[in-house]
Amino acid sequence: MSNKERILSPAGNIRGGTYLPHNKNTSKCESVVIPAPERVIIPLRQHIGAACEPTVQKGDTVYVGTKIGDIDRLVSAPIHSSVSGTVEKIEAIPMPDGSVCDAVFILSDGNMTPDPSIKPPTIKTKDDLITAARECGLVGLGGAGFPTHVKFRIKDDVHLDTLIVNGAECEPYITADERCCLENFNDVLEGVYLIKEILGIDKVVIAIENNKEEAIQKLYSIASDARDEDDTVKVMRLKAKYPQGAEKVIIYSTVKRKVPLGKLPSDVGCIVMNVSSVAALYKYITTGMPLVSRRLTVDGTAINEPKNLIVPIGTTLKEVLSYCKMGENEPTRIIMGGPMMGTSVPNTDYVITKTNNAVLAFYESTLPETTPCIRCGRCAAACPMKLNPASIEQALNAGATEKYKKLYADYCMECGSCAVGCPARRPLVQVMRTAKKEIRRING
Ligand code: SF4
Ligand code: SF4
C-alpha cells in the first residue's frame, strides 16, 4: 500500500475527553428539504462579531438570496433572505443566549424565487476568495459562527502549511456533517482543492471520527484524486472521543501543535474549516446562492421521526419539530445544537440560524441532585485543556479571581467533558462560564 493510499492515524492523542454514547440514529437518514414556511424570522446576528444593520425595510419585496442585513465591520457576515416574499417588519427577538437581536420578519410568497441578480463569482486570487466567503455570508457551520472571510485574511508574512477539514462531529446525535460528506461530496472535494490552491496551503488533513466508515471511504477518494500528484491531501481517522472536533483539540490530534491562549490556528500554521463550511463555500462559488439554508439533525426522545433536514434559515423550532412528529406532550428539554455544547431554550419560538447543526428534544426525568465536591479529581482528568475545574470552582466561590486566573480558567472551551463524569453533579460548565466572564470583566 503506497503512502498515497494510506488513511492516516492521529498525530497527537487527545488528552482527557470522554467516551459518550454516540446515538447517531440519523446517520443513514438522507436529508429532506423542509417545505417553505409561511414566514421566516431572520436574526441580524448569526455570527461572532458585530450584528448586521438591516438593508431592507417593511414592505420591500425580497427573493431567496437577497441581502437583508450587512455592516461595514471586519468581524461580521452579511445575512440573506431564505424565502421570496415581503418584509413584514423588523423587530427585536430573544436569542438562545439570553440576548435580544433585531430580526427581519418575511412573509413567504410560497414560490422560493431566487434573487435575479445572483450569479456565480469568479475566483482567481486570494482576494476573490475572501470576497466570495464574505458575500456568501459564510460562518463556521460547526457551531462557532466565526466569519470565514476573516479566517482567510491571513497576513502576507504568515505561512499556512495545513488546512484541517473538520469532519469529526463528536457530539452525540448529530449527523449533519456526515450527511454533507455523503450528499454534497462533490462540493467538499472541489472546495478542498480550490481553498488549498488559492490560499497556497501545502497540505490538507480531512479529519473524521472512526465511527463514520461510509463517510471515511467517500472522503478517501478526495485524497486519492488525480490532482493530488504530490500526495498532500490525506484523510485522518480519529478516535470517536468527545470533544475531538473542538478546534484546539483537532489541531493537536492532526498536526500535534498547541495553540497558545489568545492565539489563532494561523499562529501555528493551520486553518481549520468545518466540512459543511467547505461545501457551502464551493456551492456559493458555483451557483452564487449565499448561505440561506442549513442541514441539521432533529432527534431526541420527544421526536417520533428523527431526521436530517435542510431548513430555510429563520424557520421556527415549532415548524422543524412538528415536521419530525414531536410527541404530543411538551418536551422537558429542547436544545439548539448538541447535548454537550448546545443551548437549552424554553420554548419552540426560537429560530434556526446559520450555526444550528441540530435541534434535540427530550422527555427527561428531573435533573440529578448536586452534592458537595469529594475532590476525586475526575474532572481534571477529563479536561482536554489540562484545567482543574474543582479548584477553579473553589476559587470562584471564594471570590479569588486572581487564583482562578492563575488556574487558566479562561482557557476553558466549555466542552463539558469535566461535568460528564462528576459524581457530585457539580455544574462545572456554568462555573467555568462564570469564571471566564469575570476574568473578561476584570481585564476590561
Ligand atoms: S469530578 Fe466533581 S466531585 Fe470530583 S473533583 Fe471534580 S467537581 Fe469534585
Ligand atoms: S474545564 Fe472547560 S475545557 Fe475543561 S473539560 Fe471542563 S468545560 Fe471542557
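Trainee: By class, which residues make up the shell around ligand 1?
Mentor: Keep in mind that this is a predicted model. Of the 13 residues around ligand 1, the nearest are Cys373, Cys376, Cys379, Ala390 and Cys422. Helix 9 (378–382) and helix 10 are the elements that give two or more residues to that shell. Sorted by class, the shell of ligand 1 comes out as one polar, three charged and nine nonpolar residues.

Trainee: And for ligand 2, which element gives the most to the shell?
Mentor: Ligand 2 is surrounded by 15 residues, with Cys383, Cys412, Cys415, Ser417 and Cys418 the closest. Two elements give two or more residues there, helix 12 (417–420) and helix 13. With three residues, the one that gives the most is helix 13.

Trainee: Are helix 10 and helix 13 parallel or oblique to each other?
Mentor: Helix 10 (residues 389–397) packs on helix 13 (residues 428–443) at about 55°, and the axes are 10 Å apart. Because of that angle, helix 10 sits relative to helix 13 as oblique.

Trainee: Which residues of helix 13 does helix 10 meet?
Mentor: The crossing of the two is left-handed. From helix 10, Pro389, Ile392, Glu393 and Leu396 take part, and from helix 13 they meet Leu428, Val431, Met432, Thr434 and Ala435.

How values were computed. Residues are numbered from 1 along each chain as its sequence is written. Chains are lettered from A and ligands numbered from 1 in the order in which they are written. This is a predicted model: local features need pLDDT of at least 70, side-chain atom pairs count only at pLDDT 80 or more; totals for chains, interfaces and linings use all residues. Axes are lines fitted to C-alpha atoms, for helices over the stretch in contact, and angles run from 0 to 180 degrees between N-to-C directions. Helices (H or I, at least four residues) and strands (E, at least two) are DSSP runs, numbered from the N terminus. Angles under 35 degrees count as roughly parallel, over 145 as roughly antiparallel, 65 to 115 as roughly perpendicular and the rest as oblique. A crossing is left-handed if the near helix is turned anticlockwise from the far one by less than a right angle, and right-handed if clockwise. Two residues are in contact if their C-beta atoms, placed from the backbone, lie within 7 Å. A residue is near a molecule or strand if its C-beta atom, placed from the backbone, lies within 6 Å of it. Ala, Val, Leu, Ile, Met, Phe, Trp, Tyr, Cys and Pro count as nonpolar, Asp, Glu, Lys and Arg as charged, and the others, Gly among them, as polar.
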